[in-house]
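Some notes on this entry follow, for reading beside the coordinates. They take up confidence, then the sheet, then the pocket.

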Amino acid sequence: MLNERKPIYEQIKDWISDQIIDKSLRPHDRVPSTNEMVTFFKVNHLTVSKGVNQLVDQGAIYKKRGVGMFVADGARETLIAERKKKFKEDYVKPMVNEMYVLGLKEKELNQLIERVKEDEYGQRRV
């Protein structure tokens with residue numbers, strides 16, 4: 001599951017975030033404990049804590065001392081908003097920049113996107 005392309009703590013943060021976004025974890029559901037994640041991922045306790053603490057700092061999860069960590073109200077919306085912002089910065093801006101470098105028109109870009117969707121995901125425009 002873990003890869004070398006991004007720091008492990010970010011991958012753990014994304015793993016928890018993905019479960020919140022896809023509704024596997026809902027508000028007030030218990031999040032796996034740090035110890036459970038250490039065992040599951042076979043990584044250092046501090047690595048797991050760093051990823052978890054970022055979610056706490058964002059307000060996506062909260063800790064109940066002696067009880068565990070839980071999904072906060074509004075966590076899904078918060079995480080989706082963050083992912084959209086990151087998607088825009090990491091993918092959309094560079095793509096639009098390349099579009100201008102290549103002299104592509106918006107219609108051509110949309111056609112390329114539709115082709116990729118069809119080739120990769122079998123989706124056809126309705």
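1. Pocket, main contributor. Helix α4 gives the most to the lining of the largest pocket, with seven residues. Both α4 (75-102) and α1 (8-21) supply at least two residues each to this lining.

2. Confidence. The model is predicted, and its chain averages a pLDDT of 93, with 96% of the residues scoring at least 70.

3. Sheet order. Three strands form an open sheet in the order β1-β3-β2, and their pairing is antiparallel. The edges are taken by β1 (30-31) and β2 (61-64); each has a single partner strand, so one side of each lacks a neighbour in the sheet.

4. Pairing of β1. Strand β1 pairs with β3 (residues 68-71) in the antiparallel sense, over two bridges. In this part of the sheet, R30 stands opposite F70 of β3.

5. The largest pocket holds about 320 Å³ of space. It is lined by 14 residues, of which K6, D14, E82, R83 and K86 are the closest to its centre.

6. Which classes of residue make up the lining of the largest pocket? Nine of the residues are charged, three are nonpolar and two are polar.

Definitions and conventions
Residues are numbered from 1 along each chain as its sequence is written. This is a predicted model: local features need pLDDT of at least 70, side-chain atom pairs count only at pLDDT 80 or more; totals for chains, interfaces and linings use all residues. Side-chain values use heavy atoms; hydrogens and water are left out. On a 1 Å grid over the protein atoms alone, a cavity is a set of points where a 1.4 Å probe fits but cannot get out, and a pocket is an open set with protein on both sides within 12 Å along at least five of seven lines; lining residues have an atom within 4 Å of a point. Grid points are joined across faces, edges and corners, and a volume is the space filled by probe spheres set on the points. Helices (H or I, at least four residues) and strands (E, at least two) are DSSP runs, numbered from the N terminus. Ala, Val, Leu, Ile, Met, Phe, Trp, Tyr, Cys and Pro count as nonpolar, Asp, Glu, Lys and Arg as charged, and the others, Gly among them, as polar. Two strands pair if DSSP finds at least two bridges between them. pLDDT is the predictor's confidence in each residue, from 0 to 100.
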